[in-house]
Structure formats: structure tokens, C-alpha cells
Amino acid sequence: MTDVRVRIAPSPTGFLHIGTAKTALFNWLFARKYNGTFILRLEDTDVERSAEEYAQAMCEGFHWLGIEWDEGPEFGGVPEKGACGPYRQSQRRELHRREAFRLLEEGKAYKCFCTKEELEEMREQARQQKLPPRYNGTWRNATPEQVATMGDTPYAIRFKVPEGETVIHDLVQGEVRTNNREYDDFVILKPNGDPIFHLAVVVDDGTMKISHVIRGDDHLTNAARHVMLFQALGYELPKFAHLPMVLDEAGKKFSKRLHGANVLDWRDDGYLPEALINYVVLLGWTPEEEGRELFTRDELVEHFSVERLGASPAKFDLKKLQWLNGQHIRRLSTEQLRDRVVPLLEKAGFDTRAKSEAWLTKMTEICQTKIPTLNDIVPYTDFFFVEPAAYEEKAVSKQWKKPGALDRMRTIRALLEGVAPWDHDTLKAAYEQLSETSGEGLGQFVHPTRLACTGKSVGPGLFELLELLGKDVCLERVDKAIQFIETVEEKTP
RNA sequence: GACCCCAUCGUCUAGUCUGGCCUAGGACACCAGCCUUUCACGCUGGCGACACGGGUUCAAAUCCCGUUGGGGUCGCCA
């Protein structure tokens, strides 16, 4: 295979969309798999909608996912890299213009002096006749004299679509042939000298020596236009692969307005980038190894193959992402997980620096198989940092608003006081013995203790949690609980 | 409207190119059970699909045609 050079070419009109991330991911995977080059090119020629902050937000999205480009624009203090720059389309305007005029000189394009109003009328007429709205070719065969009489009236340059058939050998969609009659002579350069998308992509892909154009299948019908331009410009034709788009859970195109459309939403929701990547890849590709779904970034690179890309669109399934996220959380070493989770606790306002690293590791360990997302660490461990502000209502009525609740709590208090050393095994043994001598289930003692110490009915395993909380704090909280029950009993005799 | 793409359990999919090995396999979800101090994790089992209609063939999820449904493109947006 020739040098693999692929690119993602988003237009920075917002954040990094999940769909853009998906095509970027496949481009990146392809490049990594075949030792190729992955290029980021910002298509910021639409000045109206592009903004610098959007470009930065987009790059941040890629950065979070761990999709690093080999060639691309400046970002976050890292200067532009690559020999085919600049990588911002807006800075390549001269090149686009030059190529447009070259086509003009070679007779492959022509000047069109139609005004916007005339074009609008043309479309209106077509609509009325129920014909596809398209340019009628007014200036296609204009004589040099006619053109000359226009003087310096502003004009657009249109590409002269050749007769014949254009065939695309798509790596995903197969052979797609279209009669060129389906296409009208489209504008390639605006009167103000700005290139139109079709010209810009082709010139950029051609001059950047892109070997494979891997993009969303919303470009499939554009591909024929691009192939014609590639041929007219005399560039080497890249291979094409049009991937299906990502649909939302209802099966509609994933709207920008939906939560989760922005890849950084997932970061904020406590998902691991490797889990998101793993999930999104599965939306468009199946591994050779049947039944396997869990992959790290490196494993994806290792196993990726174009042959197994799917052609049908996939709906986004949150449940499966959640499951995968849990799998990735459990795959992390406890230390890695700790380092990801501690900042979240800090953000929640808890002082983790007062705890030792070993303690924090232990805390992470007892939550690792429990939390579905990183953010869940907060409700699972908040009681380690602050005293429970309130007791869970439902648990209170279940554990403490029944006869004997107070005595039971006092029994627990006495039990805890005698536990030494204060560790998981000893605590467990003590509770088991209590359960046995009293003839009651272990849960009868475990649940009230949990409620007293954490304020909740769910959380990490009780004995490991107690060990970490420390004896003094536990006794204190049990005392508080006893007081609480006493007040409750007074109120409801 | 014209043209293009897509179509297997609720969801993601294997199988389709190279028809028989498919009374259609896996995963998520769901349901039941096990484990268990809660919630989870883990384990076991269950439910559950070839969109429809025609062909071709000894044989079709697999090939062909049509229908339906979904998506896309038809800009002096990208």
C-alpha cells in the first residue's frame, strides 16, 4: 500500500460532535494501523459560523479522546506541525483561487454572471415544474464576446460537469455509479474569491496527498463531484470510504442540541475516554474475534480492519455505553482509577489532601466494582469526608422506626467499642458472632450500622468502609444515631 | 420531487461477497435464579429477529426484481 495519509476535516462551528468523533476515530485507527499519517484540517472557510473558540473546543475534544494528529494546526501552545500546511482552510484561499482559475483557463470551468436573484428565480421555476432545483447552464456556452460585455461585473466560477458516468469504488458502500446528468454545474469560486467547499476539499485533499478519504456517508453523493474535480485538476484520486452516521436513541440523526452530542458531555458525565472510544467504534465496526467487545485504544489499533466496517447506521445506546464504561473502570489498576477519581472529589469540595495516598487507594478499591461512572465516586464516598447531613428517609423507616431499634443500635455500639484491631476481618468476625448468638440475620445489624455511619442504604461493603472510616468516627456516628432514634421515639410514642 | 445509500432479536451486531455447516450465534437491556450485609460485580438460565411480496435454485437470511420504512444529497453552507 502507498503511504497512508488520512484526515479529519471538521468545520469549527461548534463543539466536537459525536459523529465527527466517530469518523475521526476511524481515520485515526486506520492511520495507526497502517503506520500512516493522521491529519487534522480545520475547514473554517465559512467565516459567518466559524469561531476561534469553537476550533479550540473541537481540539480539546480530540485531545480528551486521545486522538492525536500527526499534522495539523496550532493548538494549546503546540505549534502547527506537518509539511503540507497550512492546516486551516481559510489560510489556503490563494491556492484554491489559483486552482479555480487554472480550471477556468483550461476550459474546465466558466464564469457565471448570474445574480443571486436570478438563481433564486431559477430554483423557484424548477420547483414549480417539479424538477430538481439546479443551475440551467446559462453561461456555460457563452461566447467570449458575451463574457466581454459584462466588463468587471462580479462573477462566480462554475465547474463544467463533463458528460458521462462517475464511478466511486467505495471501501464501505461498494461500487456507486452515477450519471453525471444528475449534477449541475456547481460553483467552485464565489464572486468574492472565496472557494466553495467542493473545490476546497478536493484541492486540499489533493495537495495534502490524502490517500484515503474516510468520512460520513452524508458526503456520498458529493463524492462524485469530488471525483470529477480530482480528475479535472489532475490530482491522484484517493480511495473513498463513506461511513454511516450516528443516530440518536430514537433513530434520528444525532442532533447537536442533544446532551451527549458534544463528546465532552461524556467526560463531564464521568465516562472514560477509552470507554467512549470503544463504544463508538463498535457502532461502526465489528472485530474479527467474535464475541469480543472490550478493547483498549491500543487493542483497537491492533485489531482494526477496513473490511469489517459496517454500512448501516447505528443508534446510540446509552445502556451499553454504561456497561462498557463499567468494564473499563474495572480494567483500570486501582491506582489509575484513584488518580482519575480524586480530582472529582476535590471538585465536589472534599479535602482529599488530608488523606494518605494509601488510604485513597483503599477507598478507590472498595468502589471499583460498584461505580458505573467516575462521577458516582462522590455519592459512594462523600461520608468519608463530611458527616452525613441527613439520613436516607426510606432507610430510616425501615431500620429505625421499629421496636427494638434503639436497643439494637446500643448493642452495635457496644460491639464496635470492643473491636480490636479495627480492621475488616475482625469487624466481620464480630458481626458474624453477634448474628449467630442473637439468632438474627447479619443484615439486621449491618444495615443500621451503615445508615448510622454513612446516612445511606447503599455504598461500599460495610466492613471495608468501617475500617477506612476509623473507630473514633464510627463510634461518634453511632452515638449520633442513637440520639436521633431517641428523638424519633419521643415524637412517635 | 429526482438521484444515492441502508434494512437480522427492543438496541449493537455475526452470518450475506464465495447460497446448503443457520431448527440464525454473541453482546447490551429485560426477566428468573445463584452468590451476598445493601447497591453493584460475577455466574447460570430464559425471553427475543432474517421488514414485506415476488422470482432464481434441489436448496435463500444469503442471489435478482419490486414494495415499504429509515437516512443522505440536490446552496454564491461546510
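Is Arg7 buried or exposed, and what is its relative accessible area?

Analyst: Arg7 is buried, with a relative accessible area of 4%. Buried means under 20% relative accessible area, exposed means over 50%, and partly exposed lies in between, using a 1.4 Å probe and protein chains only. Before going on, please keep in mind that this is a predicted model, where local features need pLDDT of at least 70, side-chain atom pairs count only at pLDDT 80 or more, and totals for chains, interfaces and linings use all residues. Residues are numbered from 1 along each chain as its sequence is written, chains are lettered from A and ligands numbered from 1 in the order in which they are written, and side-chain values use heavy atoms, with hydrogens and water left out.

Now back to Arg7, which belongs to strand E1 (residues 5–8). Helices (H or I, at least four residues) and strands (E, at least two) are DSSP runs, numbered from the N terminus. The side chain of Arg7 makes a polar contact of 2.8 Å with the side chain of Asp205. A polar contact is a pair of N or O atoms within 3.5 Å; within protein, one must be able to donate a hydrogen and the other to accept it, and residues adjacent in sequence count only if both atoms are side-chain atoms. Setting aside neighbours within four places in sequence, Arg7 is in contact (heavy atoms within 4.5 Å) with Asn27, Phe38, Ile39, Arg41, Val201, Asp205, Ile210, Val213, Ile214 and Arg215.

Sugar and phosphate make up 72% of the atoms of RNA strand B that come within 4 Å of the protein. A residue is near the strand if one of its heavy atoms lies within 4 Å of it. A polar side-chain atom of Glu182 is 3.4 Å from a sugar or linking oxygen of RNA strand B, and a polar backbone atom of Thr369 is 3.1 Å from a sugar or linking oxygen. At Gly459, a backbone N or O atom lies 3.1 Å from a base nitrogen of RNA strand B. Among the elements that give two or more residues to the surface near RNA strand B are helix H6 (197–207), helix H11 (318–331) and helix H19 (462–469). H11 gives the most, with five residues.

Helix H13 (residues 357–365) has the buried residues Trp359, Leu360, Thr361, Met363 and Thr364, and what covers them includes helix H12 (334–347), helix H14 (377–385) and H19. Trp359 also has Lys355 over its face, at 4.5 Å from the ring centre. A charge sits over a ring if NZ of Lys or CZ of Arg is within 6 Å of the ring centre and within 35 degrees of the ring normal. Likewise, the charged end of Arg225 sits over the ring of Phe186, 5.6 Å from its centre.

The structure holds 22 aromatic pairs. Rings of Phe, Tyr and Trp (its six-membered ring) pair if their centres lie within 6.5 Å; planes under 30 degrees apart count as stacked, over 60 as edge-to-face and the rest as tilted. Phe230 and Tyr235 form an edge-to-face pair, 6.3 Å centre to centre with 75° between the planes.
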